[in-house]
Amino acid sequence: MTQSCKHCQQSFTITQDDLNKIAHLSPTIAGIKLTLPPPKLCPECRKQRRATYRNERKLYHRKCNHCQKEIISVYAPEKPYNVFCLTCWWDDKHNPADYGQEFDFSRPFFAQYDELLKKVPLPALISSPDAEENNCSYINYAGNSKNCYMTFDADFNEDSYYSNILKHSKNCMECSSLQESELCYETLISTGCYHTFFSQELTNCQDCYFLKNCIGCRNCLLCVNLNHKEYCIMNKQYTKEQYLEYMSKIDLGDRKTIQALEQELEKLAASAPHKFIHGVNLENCTGDYMVNAKNCQNCFMVGNVEDLTYCDSLYRAKDCMDVSSFGEQLERAYETVSSGINAYELQFCQVCATNTYNLQYNYGSRNSKNSFGSVALKSNEYCILNKQYTKDTYEKLVSKIVEHMKSTGEWGEYFPMSISPYAYNETVANEFFPLSKEQALKLDATWKEEDLMNRYEGPKVVVPENIKDVSEQVLKQILTCDKCGKNYKLIAQELKFYQEQKLPLPIWCFNCRHEKRMSKRNPQHLWDRNCSQCNTSLKTSYSPNRPEKIYCEPCYQKLVF
């Protein structure tokens, strides 16, 4: 069936497989399957709407509403929310059910939910309760980590900094979409790597610099599309002695050297053949940037997954549709964002993590199950708008509420942008779907004006070109981003990493460095193209107006290996 998207007005197709998947993932209450309607938005607009509920990297100073301690939070201080520090929020004395309210059948559901959202205590950061004691006070959508700083969508990491979508890794910095790796810097969309710098799309590589799309390589420099090679430079084989002699003449601590090598890698990559999809160990999949995936359709940035449709940024998840971030034993979820770690049967949820089951329209609930339209539950069950009920009463009332939501047109719809706790330009929606203020407001999202107060106006510090010329004094200085003009500082662990690895200091702020990394990824969109060699039809994230030659899997294998 073909629909017209309510947001972008573009027509889109809902396949029979989509309808079957929605029916399969519809919630069951009291043994009765509650049928979900077909979506009213196209897949990309659905993703955009979910993304407005995910503020990853905008952090603010504010006070805990309970203990009044100064804290770091994803909620700006002027926002009308009841924000608790992690210590107060996880305290057993605080019970979210104390804020419960009766459902009013004379009013829309989302209006009542928005009122509840503004009064129930919310954790200042989306993180595990041990974040502070594990020296992780500046991480968000992240947990189970130790000694991490400014890591986002990052779990099970140690001694890592300034990274996002970082999983099960150690001693990594300035990385994105990196899993099960160690001692990496500026490495993107890679798995199982050790000591790889300025590289992307690697699998099981070690001691490499400036590589792209390589598998099982060691001691290589400036290479593209290599498979299980060692001591290669610009895709040419050298002896160990020749390679080491060449590397000894390169000063990687010099910024101009790094910039020249980056440009050289771009030239090599532009002239190399490109497989239509970035992926390893895929079976019956469409999308891009996938590792160990089976039966996944229109999915991006996923790993160790199975049976997904229209999903992105998931790791260790299965049997889901329209789900964004983050996974880790997430199963049977629909139209959900930022949920995972032993989470099962979630529909229209946000940040429902750690042992959650059978939740609908929940925000920030943990260790809870069988609840509807609730906010920030902790080990609760059978709650509606946070009010506690018996099992029988709960099941009967949910059925009535669903019928009410059908009459208001709310049933089967995700939360509207207008009641998100975050402004559009605070969220990852603006990263994947950038809009102007006027465009965002037209979608009923909100907008946050940039605060230009307290910007340092002293003399600009000149950052040395070479790491050998840097002293500890730089830790006391306020630096100015060469790209956007905003201020930034270095932390001691960061400087130690640069000095030990003999790398130049950054001259851009963290946000600009993040944007540069994100610009190296293909868009999360598929186009129809043909193989440049055999003309086979392909679904690819390389748009038709790009210059790269795109090859199907068999043709690519013949050219590269």
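Thr13, Asp18, Pro43, Asn298 and Tyr310 lie nearest the centre of the second largest pocket, which has 31 lining residues. On a 1 Å grid over the protein atoms alone, a pocket is an open set of points with protein on both sides within 12 Å along at least five of seven lines, whereas a cavity is a set of points where a 1.4 Å probe fits but cannot get out; lining residues have an atom within 4 Å of a point. The second largest pocket holds about 860 Å³ of space. A volume here is the space filled by probe spheres set on the grid points, which are joined across faces, edges and corners.

This is a predicted model, in which local features need pLDDT of at least 70 and side-chain atom pairs count only at pLDDT 80 or more, while totals for chains, interfaces and linings use all residues. Residues are numbered from 1 along each chain as its sequence is written, and side-chain values use heavy atoms, with hydrogens and water left out.

β20 (279-309) gives the most to the lining of the second largest pocket, with eight residues. At least two lining residues each come from β2 (11-13), α1 (16-25), α2 (43-51), β20 and β29. Helices (H or I, at least four residues) and strands (E, at least two) are DSSP runs, numbered from the N terminus. By class, the lining of the second largest pocket has 10 nonpolar, 11 polar and 10 charged residues. Ala, Val, Leu, Ile, Met, Phe, Trp, Tyr, Cys and Pro count as nonpolar, Asp, Glu, Lys and Arg as charged, and the others, Gly among them, as polar.

Two strands pair if DSSP finds at least two bridges between them. Six residues lie between β29 and β30, and Asn535 in the turn has a positive phi of about 70 degrees. Asn530 stands opposite Ser537 in β30.

The cavities come next. Five cavities of 30 Å³ or more are found, and two of them are set out below.

| Cavity | Volume | Lining by class |
|---|---|---|
| Largest | about 140 Å³ | six nonpolar, four polar, six charged residues |

The largest cavity is lined by 16 residues, with Asp312, Ser313, Ser325, Val428 and Phe432 nearest its centre. Two or more of its lining residues come from each of α2, β11 (161-167), β21 and α8 (429-432). β21 gives the most, with five residues. Ser324 lies in strand β21 too, and Ser324 counts as buried at 5% relative accessibility. Buried means under 20% relative accessible area, exposed over 50%, and partly exposed in between (1.4 Å probe, protein chains only). Ser324 and Glu335 are 11 residues apart in sequence and 8.2 Å apart in space, C-alpha to C-alpha.

Lys212 and Val224 are among the residues lining the second largest cavity, as are His274, Tyr542 and Tyr556. β15 and β19 (274-275) are the elements that give two or more residues to this lining. Lys212 stands opposite Val224 in β16, and strand β15 (residues 206-215) pairs with β16 in the parallel sense over four bridges.

β15 and β16 belong to an open sheet of 10 strands with mixed pairing, in the order β9-β10-β11-β12-β13-β14-β15-β16-β17-β18. β9 (140-143) and β18 (236-237) are at its edges with a single partner strand each, so one side of each is left without a neighbour in the sheet. Strand β16 (residues 218-224) also pairs in the parallel sense with β17 (residues 230-233), over three bridges. Across that pairing, Cys220 stands opposite Cys232 and Leu221 stands opposite Ile233. Six of the seven residues of β16 are buried.

The structure holds zero disulfides, a disulfide being a pair of cysteine sulfur atoms within 2.5 Å. For Cys223, the nearest cysteine sulfur is that of Cys220, 4.8 Å away; for Cys481, it is that of Cys484, 3.7 Å away. Cys223 is buried at 0% relative accessibility, and Cys481 is buried at 3%.

The largest nonpolar core has 55 residues, of which Phe109, Tyr361, Phe372, Val375 and Ile384 touch the most other members. A nonpolar core is a set of buried Ala, Val, Leu, Ile, Met, Phe, Trp, Tyr and Cys residues joined through side-chain atoms within 4.5 Å. α7 (391-408) is among the elements that supply at least two residues of this core, and α7 gives the most, with six.
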